[in-house]
Amino acid sequence: MEINYLFSWLKIRKSKPESRTSPRTLTLLQSLLQDLKSKGKPYNFVGSSHSYNGIQLVDDNVAVIFDSNDLKNIAYNYDTQEVTVEAAVTIEELKRFLQPLGRQLISSGNFMQQRVVGALVTGTHGYGVEDVIMADSITAVTLLDEDGCPHTLTEQEHGNVLKYVRVSLGYLGVIVSLTLRTKKNEQFEVTQQIFQLSQLPQTLAQYGNKAHAMTMFPYSDKADPFIGFISLDKLDQYKEPAPVNRANAFVTAISWVIITFVWKLNAQLPIFQEFLQMLIGRFAPSVEPEVIVTSPDDLDYLYDYHPMLESERNPSIPQRILSSTYTAYNVAVFIPKADLPDLLLFLFELAQKMKQANPQQYFKNSIGVRYVGQSQKCAMAGNYKQDSYAVDLFFSKTDLELAEQVQDKVAQKFKIRPHWGKTILKPEVIQNINLDDLKEFSNLRAKYNPSNLLQPNLGGIKF
Ligand SMILES: Cc1cc2nc3c(=O)[nH]c(=O)nc-3n(C[C@H](O)[C@H](O)[C@H](O)COP(=O)(O)OP(=O)(O)OC[C@H]3O[C@@H](n4cnc5c(N)ncnc54)[C@H](O)[C@@H]3O)c2cc1C
């Protein structure tokens with residue numbers, strides 16, 4: 001018998017849905033919802049199935065998947081400078097559509113294959129000061145309730161409801177279209193530096209109110225680990241960007257052989273991660289701060305500063321080796337800004353204890369930290385009305401249990417809030433969300449989905 005599983009990114013989590021369907025038109029989607037309701041069948045929605053925590057994976061549900069070439073319309077409004085997308089449009093498609101118009105998304109995560117809707121409803125973010133949660137830039141949403149009835153909610157007329165629908169976890173209803181503000185293509189000056197954890201407070205005093213992100217290498221020094229730090233300054237006038245390293249088939253092929261070899265070593269030998277990070281610690285003191293000018297045509301605009309996408313250039317061997325995107329399981333949480341130095345110290349000590357307790361246990365990679373400011377527009381986002389950092393921890397694909405233990409330890413000591421696509425979801429993770437907001441969210445759920453058949457995987461969380 002064929003087993004028809006649905007997988008998350010890197011096949012780390014899986015579910016066995018009762019069936020799967022990809023609606024081709026709005027009318028078919030509406031009939032599907034009516035049919036599911038009349039038969040009393042539970043269901044949930046799936047975008048690109050990239051959420052690490054499996055919020056999109058439910059056994060025995062009908063999986064309604066937006067992965068086809070339908071529901072792909074994109075329209076730009078020159079008067080308002082807003083863009084409207086349907087449910088199956090990916091972030092890459094949207095960025096490529098906007099780029100020739102000289103426009104960009106206000107913020108973006110660092111991967112492009114997610115559906116815009118899928119990414120927005122879980123609170124996907126980049127880093128920066130304002131409107132960093134991608135859903136902050138939503139000005140209108142069309143949502144279907146369980147009867148397939150459309151409800152168009154706009155910022156102007158329904159601001160108080162939209163606040164809950166922007167990051168709605170696939171729990172309020174299916175979003176068939178979204179309208180987003182855009183911005184002019186921008187250039188930045190990026191300052192990159194590497195220093196030790198003990199110097200973090202003074203660096204934050206200097207750069208802490210700008211857009212900034214960092215990676216801590218917990219095994220780079222036994223007493224005081226190194227942190228790679230980048231901060232952005234927006235440029236008002238065009239400046240010549242850093243030179244481009246355009247893809248060359250031979251260089252790309254050789255680079256990938258080396259990268260894949262190192263990844264394999266890293267997967268087979270846990271101690272290899274410590275060795276890589278020790279090398280960073282060894283060479284970091286001789287690395288001078290560097291300033292790079294980004295290209296206005298950059299589509300990644302997160303860690304790569306050159307035109308177009310990272311995949312269109314020769315891969316950077318050190319960057320790929322140290323990137324966990326293709327190799328590791330990611331658990332992320334939001335924490336209040338003021339807690340960051342304590343949290344990093346805590347994680348550094350935990351990293352040492354973990355491997356002492358069991359020589360196979362390592363954080364799989366650096367610890368990623370992105371400043372996300374505070375959201376005023378997304379009531380369910382982790383940084384709602386709280387100046388915050390998003391902290392990413394990486395684990396071996398087989399270490400889900402360790403990941404959960406670490407998340408629990410962090411939650412015991414710090415007031416974490418969830419990233420709805422990355423935090424391991426369980427009832428405790430919502431305790432730091434304002435009660436009135438949870439209640440309002442639950443009321444909307446009762447309004448749009450009273451029969452309770454729409455069921456994303458919320459790990460036992462009840463609203
Ligand atoms: C390699 C990689 C890099 C990432 N980088 C970042 C990053 O930089 N920053 C960050 O914040 N996150 C990041 N993430 C997390 C990712 O952005 C989120 O988990 C995102 O939700 C995945 O989008 P998706 O389209 O795959 O949605 P899915 O995982 O398929 O679904 C997510 C949720 O959306 C709901 N949903 C999907 N479509 C609809 C719809 N039409 N209507 C209503 N609900 C719907 C689903 O029910 C589910 O609850 C990354 C993930 C990966 C795998």
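Strand S13 and strand S17 (residues 367-373) run antiparallel and are joined by four bridges. Strands here are DSSP E runs of at least two residues, helices are H or I runs of at least four, and both are numbered from the N terminus. Two strands count as paired if DSSP finds at least two bridges between them. This is a predicted model, in which local features need pLDDT of at least 70, side-chain atom pairs count only at pLDDT 80 or more, and totals for chains, interfaces and linings use all residues. Residues are numbered from 1 along each chain as its sequence is written.

**Strand S13 and its neighbours**

- Thr215 stands opposite Gly368 in S17.
- S13 is also joined to strand S14 (residues 226-234), by seven bridges, and these two strands run antiparallel.
- Ala213 has Ile230 as its bridge partner in S14.
- Strand S13 (residues 211-217) is largely enclosed by the rest of the structure, because seven of its seven residues are buried.
- A residue is buried if 20 or more other C-beta atoms lie within 10 Å of its own, exposed if 12 or fewer do, and partly exposed in between, with C-beta atoms placed from the backbone.
- One side of S13 carries Ala211, Ala213, Thr215 and Phe217, the other carries His212, Met214 and Met216, and all of them are buried.

**The eight-stranded sheet**

- The open sheet has eight strands in the order S15-S12-S14-S13-S17-S18-S16-S19, with antiparallel pairing.
- Its edge strands are S15 (290-293) and S19 (417-418), each of which pairs on one side only.
- Strand S16 (residues 329-336) runs antiparallel to S19, and two bridges join them.
- Phe334 stands opposite Arg417 in S19.

**The whole chain**

- The protein chain has 11 helices and 19 strands.
- Its radius of gyration is 22 Å, close to the 23 Å that the globule rule gives for 463 residues, so the chain is as compact as a globular protein of that length.
- The radius is taken over C-alpha atoms, and the globule rule is 2.2 Å times the number of residues to the power 0.38.
- The C-alpha trace spans about 65 × 55 × 45 Å along its principal axes.
- Of the 463 residues in the protein chain, 43% are buried.
- Among contacts with a separation of 6 or more, 72% are between residues 24 or more positions apart.
- Two residues are in contact if their C-beta atoms, placed from the backbone, lie within 7 Å.

**Domains**

- The assignment gives domain 1 (6-65), domain 2 (74-184 + 435-448) and domain 3 (188-429).
- Such bounds come from an automatic or database domain assignment.
- The centres of domain 1 and domain 2, taken over C-alpha atoms, are separated by 20 Å.
- In the contact between them, 13 residues of domain 1 meet 14 residues of domain 2.
- On the domain 1 side, helix H1 (26-39) and S4 are the elements that give two or more residues.
- H1 gives the most to that side, with six residues.
- By class, that side has five nonpolar, seven polar and one charged residues.
- Ala, Val, Leu, Ile, Met, Phe, Trp, Tyr, Cys and Pro count as nonpolar, Asp, Glu, Lys and Arg as charged, and the others, Gly among them, as polar.

**The ligand shell**

- The ligand is surrounded by 34 residues, and the closest are Gly47, Gly109, Gly118, Gly170 and Gly421.
- A residue is near a molecule if its C-beta atom, placed from the backbone, lies within 6 Å of it.
- Strand S4 (43-46), helix H3 (116-121) and strand S11 (174-184) are the elements that give two or more residues to the shell.
- H3 provides the largest share, four residues.
- The shell has 14 nonpolar, 18 polar and two charged residues.

**Single residues to look at**

- Ser49 is not a glycine, yet its phi is positive, near 60°.
- Ser49 sits in the loop between S4 and strand S5 (62-65).
- Ser49 counts as buried because it has 22 C-beta neighbours inside 10 Å.
- Leu169 also has a positive phi, about 60°, although it is not a glycine.
- Leu169 lies in the loop between helix H4 (155-165) and S11.
- With 22 other C-beta atoms within 10 Å, Leu169 is buried.
- Glu349 belongs to helix H9 (residues 340-357).
- Glu349 is exposed, with 11 other C-beta atoms within 10 Å.
- Glu349 and Pro218 lie 131 residues apart in sequence and 8.4 Å apart in space, C-alpha to C-alpha.
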